[in-house]
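Q: Please take a close look at one part of this predicted model: the first helix and what surrounds it. Walk me through it step by step, in plain terms.

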Amino acid sequence: MSDASPVLATDARRVAVMTVLTVLAGAVDAVSFLTMGKVFCALATGNVLFLSFGLAGEGDVPVARPAIAIGAFIAGAAVAGVVLTRLTERGRPWFPVGLVCEAVLLVCAGALALARHGTGAVPAQDDRGVVALVALAMGVRASTVLRVHVPGMPTLLSQTAIAELINDVLRHPGAALRGLTAKQRLARTRWTATVGGIFSGGVLGTLLLVPLGTGRALLVIAAAVLLLAVVGMAGSPREREPVPDGP
């Protein structure tokens, strides 16, 4: 890890950064689901299911919004994957660049929502452009955090972390954190931070951001992502992909 940016240079810092990004992902989905026509922009699995329900003609589920979200997410992940790979090969800082791209897309989405609908929610029939931009940003996020290689912390979903945490507790039922090895404590901390982060982000988004309206909520989330990017920019000018850790 010595050749990584200082913002990602230690396990503790990586877990902290991934936890913040996980909270923000939960907030994104709270805002998108509650104010943008019941669609997930971060949780792609939810959109796949919504699309299948819609195509099957059951549950009064729309087809267009989840289809747009899935397509934009894929596009964001693909473009970010290519760009970040090239930056890595040239020894350029790829992590803050990924976050800046995500933040810019969220700003565009927030500005579009404000321009079209003011400070309220986005009407379901008019939100496709906003949905596409937010899902595109989350696709960029997916490729960015994939390269950080923090096991159990994808920042966009929690079901794997829940299963890993439950199985780990079952394997060591009497062991608290002090009774585990450093590696085991770190793994359990990661899984707990992922589950708690998604939950906290959902609560944060629902109670604090949703009342702001779609546009302003997205701008707040973008500002938080941009702050993390600035911290990353302040690190080493040369950055390579971190070496994958164990579970």
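A: Start with helix α1, which covers residues 11-35 of this predicted model. It has 25 residues. From its first C-alpha to its last it reaches 36 Å, close to the 36 Å expected at 1.5 Å a residue. After α1 comes Gly37. The phi of Gly37 is positive, near 90 degrees.

Here is a general point for reading any such helix. An α-helix has 3.6 residues a turn, so residues three or four places apart point the same way.

Now pick out Asp29, which sits in helix α1. Is Asp29 buried or exposed? Asp29 is buried, because its relative accessible area is 10%, and the cut-off for buried is under 20%. Next, look from Asp29 to Cys41. The two are 12 residues apart in sequence. In space, their C-alpha atoms are 5.9 Å apart. Cys41 is buried as well, with a relative accessible area of 1%. Compare Cys101, which counts as partly exposed at 36% relative accessibility. How many disulfides does a search of the whole structure find? The search finds zero.

Turn to the aromatic rings. A pair of aromatic rings is described by the distance of the centres and the angle of the planes. The structure holds four aromatic pairs. One of them joins Phe33 and Phe40. Their ring centres are 5.1 Å apart, with 20 degrees between the planes, and the pair is stacked. Phe33 also forms an aromatic pair with Phe50. There the distance is 6.4 Å centre to centre and the angle is 25 degrees. That pair is stacked too, because planes under 30 degrees apart count as stacked. Which helices does this pair link? Phe33 lies in helix α1 and Phe50 in helix α2, so the pair ties together parts that are 17 residues apart in sequence. Phe33, Phe40 and Phe50 form one aromatic cluster. Phe50 counts as buried, at 18% relative accessibility.

The most comes from α1, with five residues. By class, the lining has eight nonpolar, five polar and one charged residues.

The largest share, three residues, comes from α5. This lining divides into 12 nonpolar, two polar and no charged residues.

Definitions and conventions. Residues numbered from 1 in each chain as written. Predicted model: local features only at pLDDT ≥ 70, side-chain atom pairs only at ≥ 80, totals over all residues. Heavy atoms only, no water. Helix = DSSP H or I, 4+ residues; strand = E, 2+ residues; numbered from the N terminus. Expected span 1.5 Å × (residues − 1). Nonpolar A, V, L, I, M, F, W, Y, C, P; charged D, E, K, R; others polar. Phe/Tyr/Trp six-rings, centres within 6.5 Å; stacked < 30°, edge-to-face > 60°. Buried < 20%, exposed > 50% of the residue type's maximum accessible area, 1.4 Å probe, protein only. Disulfide = S-S within 2.5 Å.
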